[in-house]
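The sequence and the model are shown first.

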Amino acid sequence: QVQLVESGGGLVHAGASLRLSCTASGGSFWLYAMAWFRQAPGTERQLVARISGRSQYSNYADSVKGRFTVSRDNAKNALYLQMNNLKPEDTAIYYCAADRNFLATDWTYWGQGTQVTVSS
């Protein structure tokens, strides 16, 4: 069983940066692909970025390419999302997720989420 806890959300103005963190416990972190999802009110949960267990592979939603960077530190059991040039449409609850399969469509473990609000 893997437990995930996100942090780093907040209220910022458009153009600002935030760095989200997700700390994992309860499993061998490097075995798991990790991902960031987000969900805005009235919308479906969206995959933002994912990264493989040893950081060999990563990909991003088109809407965040060039602005967001996903990374991980397996020694610290930590996942990060650096978000630059934030836009009001980035406002959402951000969740981290873990799964043994990088290409998972139904991720196994989820955090509780952290709110990101971007004002115009």
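## A residue in strand β3

Ser-21 belongs to strand β3, which covers residues 18-25. The model is a predicted one. Ser-21 counts as buried because its relative accessibility is 18%, and the limit for that class is under 20%. Glu-44 lies 23 residues from Ser-21 along the chain, and the C-alpha atoms of the two are 22 Å apart.

Strand β4 (residues 33-39) and strand β5 (residues 46-51) run antiparallel and are joined by 5 bridges. Within this pairing, Phe-37 stands opposite Leu-47 of β5. The two strands form a hairpin with 6 residues between them. In that turn, Gly-42 has a positive phi of about 80°.

Strand β5 also pairs with strand β6 (residues 58-60), again in the antiparallel sense, over 3 bridges. Here Ile-51 has Ser-58 in β6 as its bridge partner. β5 and β6 form a hairpin as well, with 6 residues between the strands. Ser-55, in the turn, has a positive phi of about 65°.

## Aromatic pairs

Across the whole structure, 5 aromatic pairs are found. One of them is formed by Tyr-57 and Phe-102, whose ring centres are 6.2 Å apart, with 45° between the planes, a tilted arrangement. This pair links distant parts of the chain, 45 residues apart: Tyr-57 is in the loop between β5 and β6, and Phe-102 is in the loop between β9 (92-99) and β10 (109-110). Are the two partners buried or exposed? Tyr-57 is exposed, because its relative accessible area is 52% and the exposed class begins over 50%. Phe-102 is buried, at a relative accessible area of 17%.

Tyr-95 and Trp-110 form an edge-to-face pair, with 6.4 Å from centre to centre and 80° between the planes. Tyr-95 is in strand β9 and Trp-110 in strand β10, so this contact ties together parts that are 15 residues apart in sequence. Tyr-95 is buried, with a relative accessible area of 11%. Trp-110 has a relative accessibility of 29% and therefore counts as partly exposed. Through ring pairs, Tyr-95 and Trp-110 belong to a cluster with Phe-37 and Trp-107.

## Arginines over rings

Which ring does the charged end of Arg-45 sit over? The ring is that of Trp-110, and the charged end of Arg-45 is 4.4 Å from its centre. Trp-110 thus has this charge contact as well as its edge-to-face pairing with Tyr-95.

Arg-50 lies over the face of Phe-102, at 5.1 Å from the ring centre. Phe-102 is also the ring that pairs with Tyr-57.

## The cavity

The structure holds 1 cavity of 30 Å³ or more. The volume of the largest cavity is about 50 Å³.

Which residues line the largest cavity? Its lining includes the run Ala-24, Ser-25, Gly-26, Gly-27, Ser-28 and Phe-29. Val-2, Leu-4, Tyr-32, Met-34, Asn-77 and Ala-98 are also among the lining residues. By class, the lining has 7 nonpolar and 5 polar residues, and no charged ones.

Definitions and conventions:
Residues numbered from 1 in each chain as written. Predicted model: local features only at pLDDT ≥ 70, side-chain atom pairs only at ≥ 80, totals over all residues. Heavy atoms only, no water. 1 Å grid on protein atoms, 1.4 Å probe; cavity = no way out; pocket = protein on both sides within 12 Å on 5 of 7 lines; lining within 4 Å. Points joined across faces, edges and corners; volume = space filled by probe spheres on them. Nonpolar A, V, L, I, M, F, W, Y, C, P; charged D, E, K, R; others polar. Pairing = 2+ DSSP bridges. Helix = DSSP H or I, 4+ residues; strand = E, 2+ residues; numbered from the N terminus. Phe/Tyr/Trp six-rings, centres within 6.5 Å; stacked < 30°, edge-to-face > 60°. Buried < 20%, exposed > 50% of the residue type's maximum accessible area, 1.4 Å probe, protein only. Lys NZ or Arg CZ within 6 Å of the ring centre and 35° of its normal.
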